[in-house]
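User: I'm new to this one, could you walk me through it?
Analyst: Of course, here it is.
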Amino acid sequence: MVRKICVFCGSNKPKNNNEIENEVKTLGKLLLDKKIDLVYGGAKIGLMGIIADTILLGGGYVTGIIPRILSKKEIINEDVSKLIIVETMHERKKKMYDISDAFIVLPGGIGTLEEFSEILTWKILGIKNKPIYVLNLNGYYDFLLNQFQVMKENNFLYSDIYKEITIIKNIKELEKLI
């Protein structure tokens with residue numbers, strides 16, 4: 001049973017793409033409806049801020065985890081239900097992984113990609129075996145998913161990545177899975 005979902009997403013807003021922002025708000029409402037707590041990166045800006053604000057305004061529970069080094073760069077969301085400040089990025093990810101039951105990868109930048117890569121690696125190695133959902137809204141992750149195929153064709157994947165993740169095109173698809 002999923003009680004806490006960790007969301008990986010950008011600390012910026014997408015350029016000229018309200019659809020991504022709307023899907024993030026829809027995700028927040030879905031988590032509220034299902035009484036699922038949010039675990040996320042702890043910022044109050046960008047997509048991170050949108051998902052946290054949506055859940056907080058709806059009366060939900062939000063745990064923000066942010067490294068001290070980012071506390072100045074990304075503005076800390078001090079309105080979260082629980083704020084955990086850690087020393088390193090690795091400590092942040094480990095804490096997120098340890099307290100979450102599942103993971104959702106939303107659009108984001110290199111940090112989001114790095115978080116996704118690590119949790120996927122952990123799942124493949126059997127370190128963590130929790131569901132990973134990738135929101136491929138309007139083909140946002142098409143190139144990355146194609147790269148997985150290139151890796152497979154070149155014998156660099158130890159397992160079928162597509163059995164380790166669930167690719168969704170919108171939050172409505174996720175509703176049936178969690």
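User: Before that, what kind of model is it?
Analyst: It is a predicted model, in which local features need pLDDT of at least 70 and side-chain atom pairs count only at pLDDT 80 or more, while totals for chains, interfaces and linings use all residues. Residues are numbered from 1 along each chain as its sequence is written, and side-chain values use heavy atoms, leaving out hydrogens and water.

User: OK, what order do the strands of the sheet have?
Analyst: The open sheet has seven strands in the order 4-3-2-1-5-6-7, with parallel pairing; strands are DSSP runs of E with at least two residues, helices are runs of H or I with at least four, and both are numbered from the N terminus, while two strands pair if DSSP finds at least two bridges between them. Strand 4 (82-86) and strand 7 (166-168) are the edge strands, each pairing on one side only.

User: And how many bridges join strand 1 to strand 2?
Analyst: Three bridges join strand 1 (residues 4-8) to strand 2 (residues 37-40), and the two run parallel. Isoleucine 5 has leucine 38 as its bridge partner in strand 2, and cysteine 6 has valine 39. Four of the five residues of strand 1 are buried, where buried means under 20% relative accessible area with a 1.4 Å probe, counting protein chains only.

User: Switching to helix 5, why does its length agree with what it should span?
Analyst: Helix 5 (residues 110-125) has 16 residues, which at 1.5 Å a residue should span 22 Å, and the span agrees because its end C-alpha atoms are 22 Å apart; the expected span is 1.5 Å times one less than the number of residues.

User: Which of its residues are buried?
Analyst: The buried residues of helix 5 are Thr112, Glu115, Phe116, Glu118, Ile119, Leu120, Trp122 and Lys123. What covers them includes strand 1, helix 4 (89-99) and helix 6 (142-153). Glycine 126, which follows helix 5, has a positive phi near 80 degrees.

User: Last topic, what lines the largest pocket?
Analyst: The largest pocket is lined by 23 residues, and Cys9, Gly10, Ser11, Gly109 and Gly111 lie nearest its centre. A pocket here is an open set of points on a 1 Å grid over the protein atoms alone, where a 1.4 Å probe fits, with protein on both sides within 12 Å along at least five of seven lines, and lining residues have an atom within 4 Å of a point.

User: Which element gives the most to that lining?
Analyst: Helix 5 gives the most, with four residues.

Note on methods: Buried means under 20% relative accessible area, exposed over 50%, partly exposed in between (1.4 Å probe, protein chains only). Contact means heavy atoms within 4.5 Å.
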